Each structure stands twice: as structure tokens, then as C-alpha cells.
Amino acid sequence: MLSKTAVVTGASRGIGYQTAPKFASEGCEVLALARSIEKLDVLCEEGGKQITAAAVDLSDAAQIAAYCKKLSDTGTRIDYIVHNAGLLINKPFMELSDRDWYDMLEANLMSGVRLIRELSASLNSPAHIVLIGSMGGFQGSSKFPGLSAYSSSKAALAVLAECLATELAGNDIRVNCLCLGAVQTEMLAQAFPGFKAPVSAGEMGEFLYDFTVNGSRFFNGKILPVSLSDPKS
Ligand SMILES: NC(=O)c1ccc[n+]([C@@H]2O[C@H](COP(=O)([O-])OP(=O)(O)OC[C@H]3O[C@@H](n4cnc5c(N)ncnc54)[C@H](OP(=O)(O)O)[C@@H]3O)[C@@H](O)[C@H]2O)c1
């Protein structure tokens, strides 16, 4: 069987850093993206030669376009996208500047919009796109002070999954959004200092691998909560 190729964004630390090697250990070629090339180099050393890293700022449309063109020029075909990169700025609503809002919308929403658009010609059929959302952006979930821009950007990303699933169905491309609850990472510490998450980044990486490879048989256009508890409980 031909090996599959997965793009994993936000692979330089946290959940993405744990997800990329899981794909590699299961025989996939992995294209690991983030800005911090030194950390990505460590990922490649630890995760094996099936991981190829590239420093791409996903808030920069030109960098995404250049990277995706390179893939297309080399004939790289893609089976899975795990769009996991994300940015959280924890500030009360009245202190959030327009810049803060734009930065989070760029990193959490437009990154996915542009990446999927630019990679669309390289996607195999079937393919599965998994957008990593947040419980903060899941309708009806508990909401927390300081996370209005972050949660709003993740809510928009979730609805994008529903819309894209419809538009891409004709090409046998399935799209889902997983709204994660607390996972022990640097970002969690920034959002909820001192809170101890019930799930490690490694455990979540395993789940993301499994869902990406198997979940498209059962889910399309779904916004799924992946959460044991919230920091209020
Ligand atoms: N941890 C949680 O409890 C939790 C809960 C709900 C949802 N999530 C979501 O899960 C995802 C992973 O979270 P995490 O906790 O692992 O976060 P993290 O430890 O802060 O890692 C975030 C990753 O995103 C990358 N990134 C950020 N901005 C980027 C940009 N402009 N271009 C390219 N890469 C960028 C970072 O790499 P560079 O800095 O090297 O670019 C890093 O690899 C995020 O989307 C987050 O919103 C996490």
C-alpha cells in the first residue's frame, strides 16, 4: 500500500509536536509546519526521517502560498491535513486591541482558510481535513474571561469545517472540527495558569492521529467536542 502523507501544523511544540511522530510511526510521510525551525529540527531528529519540517508563518499569506507552490511543483499529494496551529492572547475584552483580534483571527482562522485553499490542488481524493478548534468556540460551552477573541476565532474555524465539508464533498474530501478541552501544554498554562489538565499532549496526539485516519468514515462536516471536563469543574 502506498504510504499516506499528512500535513500537521503547529508541530513545534505541544499537541502538534506529539501528533506528527504518531503519524510517522504508523508509516505516514509527515509535513510538519510551524515558525520555530530549531524546534522542528528537534522533532525531525526525534521523530524519524519520515518527518519533513518547514518554517512557515501561517499568519503570512505569502509564506503559505510559496510553501504550497513548492509542494505542488514537486508533485506531492496530500491525504490528511491536521490544522492544529493556534494563538491565544489572554486579555479581558476591554483590553484587547484590534491588533490582538487580527492576530488571533489570522493565526486561528485565516491560516486554515489559506492553507486549505492553497493545498486544494494537491489533495488526494479521498482526503480528510481536521481543524483543531476549542471548547471555548463550541456553542453552549462554558465561557471564560479573557478568551473572547480566541474563542470567537475558534468558533469561526468550527463553522468553516461545516461549510467546507459541503463544498468539498464532490471531491471526496471530508472536513471536521475537533473542539478540544484542556490538554497540558504551554497554551493551557497561558489560558488557565495553575490548572492541571486531565489529558497530556501525547495522549491527544494519539487521538488526533486515530481520528484523522479513521474518523472520516463516520464523520463529515461535524463540530465535535473532545473534552472530559472544563477548568470551572
Ligand atoms: N492545550 C489546550 O488545552 C487546548 C485546548 C483547546 C484547543 N487547543 C488548540 O490546540 C492547538 C494546539 O494547542 P497547544 O496547546 O499545543 O498550543 P501551543 O503549545 O501554544 O502550540 C501552538 C503551536 O502553533 C504554532 N503556531 C502558532 N502561531 C503560528 C503561526 N503564525 N504560524 C505557524 N505556526 C504557528 C506554534 O509554533 P511556532 O510558535 O513555532 O510557530 C506551536 O507549534 C491550538 O490550535 C489550540 O488553540 C488547545
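How many nonpolar, polar and charged residues does the lining of the largest pocket have, by class?

A: Happy to! Please keep in mind that this is a predicted model. By class, 21 nonpolar, 20 polar and nine charged residues make up the lining of the largest pocket. This pocket has a volume of about 1,100 Å³. Its lining counts 50 residues, and those closest to the pocket centre are Asn 84, Gly 86, Leu 87, Tyr 150 and Met 187. Helices H1, H4 (98-119), H5 and H6 and strand E5 each give two or more residues to that lining, with H6 giving the most, five residues.

The ligand takes up the space of this largest pocket. Around the ligand are 28 residues, the closest being Arg 35, Ser 36, Asn 84, Tyr 150 and Thr 185. Three of these come with distances to ligand oxygen atoms. Tyr 150 places a polar side-chain atom 2.5 Å from a ligand oxygen. For Arg 35, a polar side-chain atom lies 2.7 Å from an oxygen atom of the ligand, while Asn 84 uses a backbone N or O atom, 2.7 Å from an oxygen atom of the ligand. Taken alone, the ligand would expose 880 Å², and the protein buries 96% of that.

As for the shell around the ligand, helix H1 (14-25), strand E5 (123-134), helix H5 (148-168) and helix H6 (186-191) each supply two or more residues. Here E5 gives the most, with three residues. By class, this shell has 13 nonpolar, eleven polar and four charged residues.

Technical notes:
Residues numbered from 1 in each chain as written. Predicted model: local features only at pLDDT ≥ 70, side-chain atom pairs only at ≥ 80, totals over all residues. Heavy atoms only, no water. Near = heavy atom within 4 Å. Polar contact = N/O pair within 3.5 Å; in protein donor to acceptor, adjacent residues only side chain to side chain. Areas by Shrake-Rupley, 256 points an atom, 1.4 Å probe, with all protein chains shown as cover. 1 Å grid on protein atoms, 1.4 Å probe; cavity = no way out; pocket = protein on both sides within 12 Å on 5 of 7 lines; lining within 4 Å. Sits in = over half its atoms within 2 Å of the grid points. Helix = DSSP H or I, 4+ residues; strand = E, 2+ residues; numbered from the N terminus. Nonpolar A, V, L, I, M, F, W, Y, C, P; charged D, E, K, R; others polar. Points joined across faces, edges and corners; volume = space filled by probe spheres on them.
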